[in-house]
Amino acid sequence: MLGLAIDALEVRFRGLAAPALAIPSLRLEPGARIALTGASGSGKTTLINALTGLERVRHGALRWGETDLATLSETRRDRWRARHVGLVMQDFHLFPGLSAIENVLLPNRLARTRPQAEARAEAERLLDRVGVARRDGRVETLSRGQMQRVAVARALVTRPGILVADEPTASLDAEAGAAVGELLLDLATETGATLIVASHDPRLLERLGGVLRLANGRLLPAEGA
Ligand SMILES: Nc1ncnc2c1ncn2[C@@H]1O[C@H](COP(=O)(O)OP(=O)(O)OP(=O)(O)O)[C@@H](O)[C@H]1O
């Protein structure tokens, strides 16, 4: 469980006159459950890339707990991310040819956060928890909803303090999307992870504790504030 502190963050891209993202100040409590929304091009992906250390922060500070990602090299950001962040993407990003259980085990294989046998037991437990019974067949033979459940289990196998989901329900039908949304909320609560979900899904947005709205790379004031 990690809290977030952003100060004077700016992300600029060559060829754009204005910063693609400018956030003077933002604080999230450890264990917060937050939605991130905004029109196409408003800066959601740019913010997610900064929050997860995928992109270097060159202007300002972005601290998770005691760690300011702006001060870390790419290698150290990658190591930090493997340890602290679980990612769920719109298109699952699972490895075809591998089974569900092998996919869930991959982050631990790469980060080596815990012994294999222990990780395997945790992967089995997580697949039970997300409701995926068929674990040994190739993952691409599962339904889309089942694949996203596998991705949720994979995001949690290293017990990350931060869970980030980018449009996790956008490529699912309404029923599967609702089930995946519930799982993300329940599992973030069970593990104490701080949850950030970029989404346009109104049902998911209303279930989260707060909504960050982006427009032209700026955060809009909270509704009712
Ligand atoms: N690598 C880049 N080089 C130049 N401009 C970029 C780059 N990446 C993003 N941008 C610009 O930054 C702005 C924010 O883009 P971003 O992808 O963060 O928006 P988004 O809200 O995630 O959009 P979408 O919902 O369509 O994915 C846009 O104007 C985009 O064109």
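Author: Let us start with helix 3 (residues 100-111), whose buried residues are A100, N103, V104, L105, P107 and N108. A residue is buried if 20 or more other C-beta atoms lie within 10 Å of its own, exposed if 12 or fewer, and partly exposed in between, with C-beta atoms placed from the backbone. Helices (H or I, at least four residues) and strands (E, at least two) are DSSP runs numbered from the N terminus. This is a predicted model, in which local features need pLDDT of at least 70 and side-chain atom pairs count only at pLDDT 80 or more, while totals for chains, interfaces and linings use all residues. Residues are numbered from 1 along each chain as its sequence is written.

Reader: Against which helices do the buried residues of helix 3 pack?

Author: Two residues are in contact if their C-beta atoms, placed from the backbone, lie within 7 Å. The buried residues of helix 3 pack against helix 2 (74-84), helix 4 (116-130) and helix 5 (144-156). Just after helix 3, R112 takes a positive phi of about 50°.

Reader: How is the nonpolar core to be read, and which of its residues touch the most other members?

Author: In soluble globular proteins, nonpolar side chains tend to be buried together. A nonpolar core is here a set of buried Ala, Val, Leu, Ile, Met, Phe, Trp, Tyr and Cys residues joined through C-beta atoms within 7 Å. The largest such core has 59 residues, of which V104, V150, V152, A153, L184 and V197 touch the most other members. Helix 5 supplies the largest share of this core, 7 residues. Leaving aside neighbours within four places in sequence, A153 is in contact with V104, A123, L126, L127 and V130.

Reader: Is A155 buried or exposed?

Author: A155, found in helix 5, is buried because 25 other C-beta atoms lie within 10 Å. Not counting residues up to four places away in sequence, A155 touches G86, L87, V88 and L163.

Reader: In what order do the strands of the open sheet stand?

Author: Strands of a sheet pair through backbone hydrogen bonds, either parallel or antiparallel. Two strands pair if DSSP finds at least two bridges between them. Here 4 strands form an open sheet in the order 2-1-4-5, with antiparallel pairing. Strand 2 (21-28) and strand 5 (67-68) stand at the edges, each with a single partner strand, so one side of each has no neighbour in the sheet. Strand 4 (residues 59-64) pairs with strand 5 over 2 bridges, and R63 stands opposite D68 in strand 5.

Reader: Which residues are around the ligand?

Author: A residue is near a molecule or strand if its C-beta atom, placed from the backbone, lies within 6 Å of it. Around the ligand are F13, G15, L16, A20, G38, S40, G41, S42, G43, K44, T45 and T46. Helix 1 gives the most to this shell, with 3 residues.
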